[in-house]
Amino acid sequence: MTTTVDQSYVFATLDELEPAPTLAPGAANDGRQRFDVRRRFEITSFGVQAFRAPEGVEVVREHNETFLGEDGQEELYVVVNGAATFEIDGETIEAPAGSLVKVRPAARRKATAKDDGTTILVVGSTPGKAYDPAPQEAADAFAAYNTGDFETAIAKQRIVLEKRPNDAVARFNAGCFAARAGFADEAFEHLTRALEINERIKELIASDEDLDSIRDDQRLATLTA
């Protein structure tokens, strides 16, 4: 059970944390779980979360941390229990419980569970920059999205944009949520602003199925021309 003493520390076991909503819309239910350690412990100076997966499932899904050309996080992966096979820029590392693996932002990485219940703690932050955590409403928006409540998703994302008006990805997500909710005009407003901030948003617009409802609208072709 979580215990606090004079607000000076928080104690909890990972098993006490409820799995958090996935941040990957449309991801398959393969038994992988995410635990939002940072929010549970109200950490604001660095990112930290944990993932657990059955044998054969990617605990850490393949990615790098230089999304759309922007500076990304360097990450430290701690294998808490079980064992995982890491693949980093074509190299394979066998990582039993107790292993620590640090990965540079641009490196392509993934980790596959070798045992049921393999759990990896991930700590990250962007070199040379103060940590800037996403607002709680961003997680709330994805949680609503994953239940098909698109109107709540866009309502939450509007609050995110009030707090982070120049975040290209937040704008893009707002465009997706608005399109899903049937708010085409609002979707185009967000997508237009996202492209003004980062032209590489075109890469996401071209293939994201969340925009299928407006795919035949001439305004979309104009945006990506």
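Notes on the predicted model

1. The model is a predicted one.

2. The Asp89 turn. Strand 7 and strand 8 make a hairpin, with 2 residues between them. Asp89 sits in that turn and has a positive phi of about 50°. Asp89 is not a glycine. Most residues other than glycine have a negative phi. Asp89 is also exposed, because its relative accessible area is 54% and the cut-off for exposed is over 50%.

3. Glu42 belongs to the loop between helix 1 and strand 4. With 68% relative accessibility, Glu42 counts as exposed.

4. Strands of a sheet pair through backbone hydrogen bonds, either parallel or antiparallel.

5. Strand 7 and its two partners. Strand 7 (residues 83–88) is joined to strand 8 by 6 bridges, and the two run antiparallel. Ile88 has Glu91 of strand 8 as its bridge partner. Thr85 stands opposite Glu94, also in strand 8. Strand 7 pairs with strand 10 (residues 109–113) over 5 bridges, again in the antiparallel sense. In that pairing, Phe86 stands opposite Ala111 of strand 10.

6. Ala53. This residue is in strand 4 (residues 47–53). Ala53 counts as buried, at 2% relative accessibility. Leaving out residues up to four places away in sequence, Ala53 touches Gly31, Arg32, Glu58, Val59, Ala113, Asp115, Asp116, Gly117 and Thr118. Leu14 is 39 residues from Ala53 in sequence, and 14 Å from it in space, C-alpha to C-alpha.

7. Helix 2. Helix 2 covers residues 136–146, and its buried residues are Glu137, Ala138, Ala139, Ala141, Phe142, Ala144 and Tyr145. What covers them includes helix 1 (37–41), helix 3 (150–163) and helix 4 (168–181). Just after helix 2, Gly148 takes a positive phi of about 85°.

8. Gln157. Gln157 is placed in helix 3. At 2% relative accessibility, Gln157 counts as buried. Not counting residues up to four places away in sequence, Gln157 touches Ala138, Ala141, Ala170, Asn173, Ala174 and Phe177. Two of these contacts, Ala138 and Ala141, are among the buried residues of helix 2.

9. Helix 4 against helix 5. Two packed helices are described by the angle between their axes and the distance between the axes. For helix 4 and helix 5, the axes come within 8 Å and cross at roughly 160°. The two helices are therefore roughly antiparallel to each other. Helix 4 passes helix 5 in a left-handed crossing. From helix 4, the contact uses Ala168, Arg171, Phe172, Ala174, Gly175, Ala178 and Ala179.

10. Ile197. What does Ile197 contact, leaving aside its neighbours within four places in sequence? The list is Pro165, Asn166, Asp167, Ala168 and Arg171. Ile197 is found in helix 5 (residues 184–197). Arg171 is 26 residues from Ile197 in sequence, and the two are 9.2 Å apart in space, C-alpha to C-alpha. Ile197 counts as partly exposed, because its relative accessibility is 29%.

Conventions: Residues numbered from 1 in each chain as written. Predicted model: local features only at pLDDT ≥ 70, side-chain atom pairs only at ≥ 80, totals over all residues. Heavy atoms only, no water. Helix = DSSP H or I, 4+ residues; strand = E, 2+ residues; numbered from the N terminus. Buried < 20%, exposed > 50% of the residue type's maximum accessible area, 1.4 Å probe, protein only. Contact = heavy atoms within 4.5 Å. Pairing = 2+ DSSP bridges. Axes fitted to C-alpha atoms, helices over the stretch in contact; angles between N-to-C directions. Parallel < 35°, antiparallel > 145°, perpendicular 65-115°, else oblique. Left-handed = near helix turned anticlockwise from the far one by under 90°.
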